[in-house]
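Colleague: I'd like to learn how to read a few features of a model like this one. Could you take me through them?

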Amino acid sequence: MAPNSSRRLRSPTTEAPFARYALMTAAFLFLALFLLLPLAAVFIEAFRKGPGEFFASMNDPDTLAAIRLTLLVAVIAVPLNLVFGMAAAWAIAKFEFKGKAFLTTLIDLPFSVSPVISGLVYVLLFGAGSVLGPWLKSHGIEVLFAVPGIVLATVFVTFPFVARELIPLMQEQGTGDEEAALSLGASGWQTFWYVTLPNIKWGLLYGVLLCNARAMGEFGAVSVVSGHIRGLTNTMPLHVEILYNEYNFVAAFAVASLLAALALVTLVVKTVLELHYGAEIAAGRKH
Amino acid sequence: MTTSAAASVRWRVRQPSVIPGFGLTLGFSLAYLTLIILIPLAGLVWRSASLSGAEFLAILTDERTINALEVSFGTAFIAALVNVVFGVIVAWVIVRYEFPGRRIVDAVVDLPFALPTAVAGIALAALYAPNGWVGQVLNVFGIKAAFNPTGIVIALVFIGLPFVVRTVQPIMEEIDREVEEAAATLGANRFQTVYRVLLPGLSPAILTGFALAFARGVGEYGSVIFIAGNIPYVSEIAPLLIVIRLEEFNYGAATAIATIMLSMSFAMLLVINLIQAWSRRRYGHGA
Amino acid sequence: MDVRVSNIRKEFDRYPALNDVSLDIRSGELIALLGPSGSGKTTLLRLIAGLEQPTLGKIFFGNEDASHRTVQERHVGFVFQHYALFRHMTVADNIAFGLTVRPRGERPPKTEIRRRVSDLLDMVQLSGLEKRYPNQLSGGQRQRVALARAMAIEPKVLLLDEPFGALDAKVRKELRRWLREFHDRTGHTTVFVTHDQEEALELADRVVVMSQGQIEQVGSSDDVYDRPNSPFVFSFIGDSASLPVTVADNAVRFQDEPIGIAPKANDIQSGSGTLFFRPQDVTLVTDPATPALEGRVATSRRLAGTRIADLDISRQGESHHVEIEIPLDAQAATGTIIRFKPTRWKLFAE
């Protein structure tokens, strides 16, 4: 008995093989040309003159200062937005109140604002022509073209990440678990700590990860408020720009490769999280 | 008695709940939101309102401003179109086809979300410059793909791709196979099924993805400025013009351009929400 | 149009979903494929439609071998379990779809399409809803749109997969009757899949009982209910009790004791088997000398005009329970001893 093979019929829900291969080729070529090649270029350019040159450019005091500043900014901005994200998600997901939809839209606002404008608003607020700037300056506090301005701009652009991840997730989980814990005599903090937090931990990690990637990599907003003072107000992305514009390509790509490595780590952790805890973070997966 | 109870329900800001922490979390969220987002944005609006109508008009009718806005909106529009075509193909390949490394391809799509824009910018510039790997090849065919508007489109294609893929992908995953089979039993060939049944069902998601990629492209700065060439009147984008005006301490002009861009992106946001509401009402699913 | 399924085998990942299935469907017949989930009934329906390809075997439409025709070429009307309506198209566009995708030469003109759609809407009693979207219809209405859409291509065969599965009980009853009338009016060869035996027995001219990828029995409602040909059909259709028995000395015995019935001529005359009977096909035995089955009432319950007793007939430690119908006036308190014997029964050899 030979199987029916005189005319192979394909499943009615798929394309003919040639169409399938054409689509796959188009997709892969496109991704290679626009995504993979640039990524590869970063590392290749960074090591173009060998590892010696790569590490030498890393050892530059200005580069080290940029790395330190970037870490400092992330260490301040991410926890701030983490606390905000949890507070906002708690209020929005666990309660019904008027203006909730409006509040949710407001939280997304920074996503639809150009990074340059995000920086601009702080220049207008603290700059020379403003009310606040000169007053703060007379009290010895520099905001613009100093670390506080960079932190503020970074907080602005990374503002929605944690909240956005947590709100749909916590809405999906509802309030049943918390009500049960409260009825068993747990206090509000205990309920949050022992019931809510374990339920959202993976989604929270996911949000923090994306928030951190953006905080360390933000360019436009930070560029506007930083003043580009080497060794003082230069973050890594800004330092990349300066080195690149000085035609110091190896050094520029060396610093860039650190940021690209951070992006890769972010993607890997993100993929692993989705693979293992897909259901627990799925509610927030739509960007 | 009953009427006053009903009245008090109607006037209550939030529904009663046993869960604690509403005041604390909402209060903190609102305070933080006001401080970080609302006051700075209000500052921008206040500043632009303090410009006289004539001043405002003069800035906006300045040829360089008009050209910059045209470049930003034009290139963002073209890039979003490219992303609609390839984004839908990439999403289809990821959702429908089995091939080794599918998970990796899926993860790679998020690269533009994770890779700092400045890194993407210098990498794309290095690749597509006339002496770069891809630029050399294109040069043979007489195509210049960097330091002109084409370069801007390339950078915006990079930035916008995940917006289309991640908006369309979940809707594609929900496509009911029975619907495709139904079309086949009714005599539709594969092309008719895709073109007349599947694509119309995806169109709200495709439109939303287009709008998101477009809005992001209009405001994009970091990845563009390295590859754009930044020639005034030709390849100078609006966010860059804002930065230039700021460096000239021409805060009025910067504010006016920012205000126009901001109103446009809010209009886009509104359009996206309308598409989704319309789609939900008519087809019973969002985008 | 006759449909003939000939020695079909279908494997999914080497696991046979259908194994050597043959079936003749006569023109104009209304046939039910009945079986538990996993019995292969939906696979058989999809094979007839061309949505799946058989691993082995052939399918004939009339005298023509249709095995190698694509689903588009087979021209069958298929109604999906969840209707699979195109949700971005209006009711009218849904129904017209099969006509509008025809090649330009065979496509009827627009006015003709509109007329056909309106006729079909009349037929399924949905006139006036042509501008609605599927989302705005009730479950029963969607069902009928799906049917009208399938009928629009003037199919030779109508195939329905669990047509009433997603509806609530009341609508289901109404639509069942309506489908029967519809079939009698249009006279299409119709095959539907169901796991609901009541639906199959009430609606179909013939019922195909399936189990584990094979056809157990094909016959009228009376055939499969009154003359089940296998232990599976007996236990799957209607209520039944079964007992492990032996046959010796021209008597059927339960745990070596005769139970008052003798094997029929074509039954086994010795050895072991399984005895099947329906709860209502028993008679109570009052004479203690007459051989009979004997049991203690474990529970009893009133069911409309009768009473059902759950009898514990265990002897020698092995636990056996049967349910039988007893007269309303019979003693049925828990613990009461009841003696009975089946009046209609069937004996299957091991």
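Modeller: Gladly! Let's begin with domains: their bounds come from an automatic or database domain assignment. In chain B this gives domain 1 (19–50) and domain 2 (52–283). Bear in mind that the model is predicted.

Colleague: How far apart do the C-alpha centres of domain 1 and domain 2 of chain B lie?

Modeller: They are 30 Å apart.

Colleague: Now the contact of chain C with chain B: how many residues does each chain give?

Modeller: Chain C contributes 20 residues and chain B 18 residues. On the chain C side, the elements that supply two or more residues are α2 (71–74), β6 (76–79) and α3 (91–100). That side of chain C divides into twelve nonpolar, five polar and three charged residues.

Colleague: And the sheet in chain C: which strands stand at its edges?

Modeller: Two strands pair if DSSP finds at least two bridges between them. Here five strands form an open, antiparallel sheet in the order β13-β12-β11-β14-β20 of chain C. β13 (257–258) and β20 (346–349) of chain C each have a single partner strand, so one side of each is left without a neighbour in the sheet. Further in, three bridges join β11 (residues 241–248) of chain C to β12 (residues 251–254) of chain C, and one of the bridge pairs is Ala248(C) with Ala251(C).

Colleague: What is the phi of Asn250(C), in the loop between β11 and β12 of chain C?

Modeller: Most residues other than glycine have a negative phi. Asn250(C), however, has a positive phi of about 55°.

Colleague: Is Asn250(C) buried or exposed?

Modeller: Asn250(C) has 10 C-beta neighbours inside 10 Å, so it counts as exposed.

Conventions
Residues are numbered from 1 along each chain as its sequence is written. Chains are lettered from A and ligands numbered from 1 in the order in which they are written. This is a predicted model: local features need pLDDT of at least 70, side-chain atom pairs count only at pLDDT 80 or more; totals for chains, interfaces and linings use all residues. Two residues are in contact if their C-beta atoms, placed from the backbone, lie within 7 Å. Helices (H or I, at least four residues) and strands (E, at least two) are DSSP runs, numbered from the N terminus. Ala, Val, Leu, Ile, Met, Phe, Trp, Tyr, Cys and Pro count as nonpolar, Asp, Glu, Lys and Arg as charged, and the others, Gly among them, as polar. A residue is buried if 20 or more other C-beta atoms lie within 10 Å of its own, exposed if 12 or fewer, and partly exposed in between; C-beta atoms are placed from the backbone.
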